[in-house]
Amino acid sequence: MKRIEIINGPNLNLLGRREPEVYGHRSFEDCLTELRRQCPGVEIGYYQSNHEGDLIDRIHAVGFDVDGIVLNAGAYTHTSIALHDAIKAVPAPVVEVHISNVHQREEFRHHSAISAACRGVICGFGLDSYRLAIEAL
Ligand code: DQA
């Protein structure tokens, strides 16, 4: 059985309540239940933190063991060289994910500090972006 870890960054704990016109009305817990049903051959772990260092610690903790990481780094996507380095430090392939199409939004969301370290990027398909990333891995 393949092991994939989903890591969500800051403010994604508020999914379903946060800017629903951008991020939708579903909680991530709800989405996770559906993902596990849709991908029965994959053991899906989940971690969320609002703190950059915690996200780095989690990448270190699982990145030598799992078959892949699906990472929505939230706003740290656009700023964090430390996350870029953490992704490069582990052998597990990382897929960068965004719920919204960041390229249709404010210009400060157009740059990603982590894309170059990731295996690929999926954005703009709502919560379905996570399933597409798991399928890609
Ligand atoms: C996001 C896009 C980011 O720009 C934003 O800061 C988020 C969520 C997305 O999933 O669309 O927190 O990563």
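**Helix pair and ligand site**

In this predicted model, helix 2 (residues 28-38) and helix 5 (residues 128-136) have axes that come within 10 Å and cross at roughly 35 degrees. The points below cover this crossing and then the ligand.

**Helix 2 and helix 5**

- The crossing of these two helices is right-handed.
- On the helix 2 side, the residues in contact are F28, L35 and Q38.
- On the helix 5 side, they are Y130, R131 and I134.
- Sorted by class, this contact has four nonpolar residues, one polar residue and one charged residue.

**Ligand surroundings**

- Around the ligand are R18, Y23, N72, G74, A75, H78, H98, I99, S100, V102 and R109.
- N72 places a polar side-chain atom 2.8 Å from an oxygen atom of the ligand.
- For H78, a polar side-chain atom is 2.7 Å from an oxygen atom of the ligand.
- A75 takes part through its backbone, with an N or O atom 3.2 Å from a ligand oxygen atom.
- On its own the ligand has 320 Å² of accessible area, and the protein covers 99% of that area.

Terms used
Residues are numbered from 1 along each chain as its sequence is written. This is a predicted model: local features need pLDDT of at least 70, side-chain atom pairs count only at pLDDT 80 or more; totals for chains, interfaces and linings use all residues. Side-chain values use heavy atoms; hydrogens and water are left out. Axes are lines fitted to C-alpha atoms, for helices over the stretch in contact, and angles run from 0 to 180 degrees between N-to-C directions. Helices (H or I, at least four residues) and strands (E, at least two) are DSSP runs, numbered from the N terminus. A crossing is left-handed if the near helix is turned anticlockwise from the far one by less than a right angle, and right-handed if clockwise. Contact means heavy atoms within 4.5 Å. Ala, Val, Leu, Ile, Met, Phe, Trp, Tyr, Cys and Pro count as nonpolar, Asp, Glu, Lys and Arg as charged, and the others, Gly among them, as polar. A residue is near a molecule or strand if one of its heavy atoms lies within 4 Å of it. A polar contact is a pair of N or O atoms within 3.5 Å; within protein, one must be able to donate a hydrogen and the other to accept it, and residues adjacent in sequence count only if both atoms are side-chain atoms. Accessible areas come from the Shrake-Rupley method with a 1.4 Å probe; for residues, only the protein chains shown count as cover.
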